[in-house]
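Q: Could you walk me through this model? I'd like to start with the contacts.
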Amino acid sequence: MCVSRHLSDPRRKVPVRSTQRFSVILPNEMAQMVKAKVSSGEYASESEVVCDGLRALQASDRALESCLRTEGAAAYDKLRADPSRTLGIDQVRQNLAHKRKRHASV
């Protein structure tokens, strides 16, 4: 069962109301990591490890969405207000080619 771990007290676990059974195939390195987390006592089961990983992914997705909504929208608004700041496709290609050359020489 997937549980939520309380940050201030890792022993406190709150059961999630509904669950579904899944079968997943992991690369050996990830499977070993999951087993190590359980073996160390950090997690009680493989399911808890996977649930915690998915919660981290959700948090990352939310942070990215928030960034896109705020910073991305602000950049879009600036470009709409001053289209002279935009680059054409040829300028973008030239800039990328220049950056690749600089990176290759480092």
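A: In this predicted model, 28% of the protein's contacts with a separation of 6 or more are between residues 24 or more positions apart, where contact means heavy atoms within 4.5 Å. Local features need pLDDT of at least 70 and side-chain atom pairs count only at pLDDT 80 or more, while totals for chains, interfaces and linings use all residues. Residues are numbered from 1 along each chain as its sequence is written, and side-chain values use heavy atoms, with hydrogens and water left out.

Q: What order do the elements run in from the N terminus?
A: They run β-β-α-α-α, with helices (H or I, at least four residues) and strands (E, at least two) taken as DSSP runs numbered from the N terminus.

Q: Is Phe22 buried or exposed?
A: Phe22, in the loop between strand E2 (13-15) and helix H1 (28-39), is exposed, with a relative accessible area of 66%; buried means under 20%, exposed over 50% and partly exposed in between (1.4 Å probe, protein chains only).

Q: Which residues of H2 are buried, then?
A: Glu48, Val49 and Cys51 are buried in H2, and buried residues make up 7% of the 106 residues in the protein.
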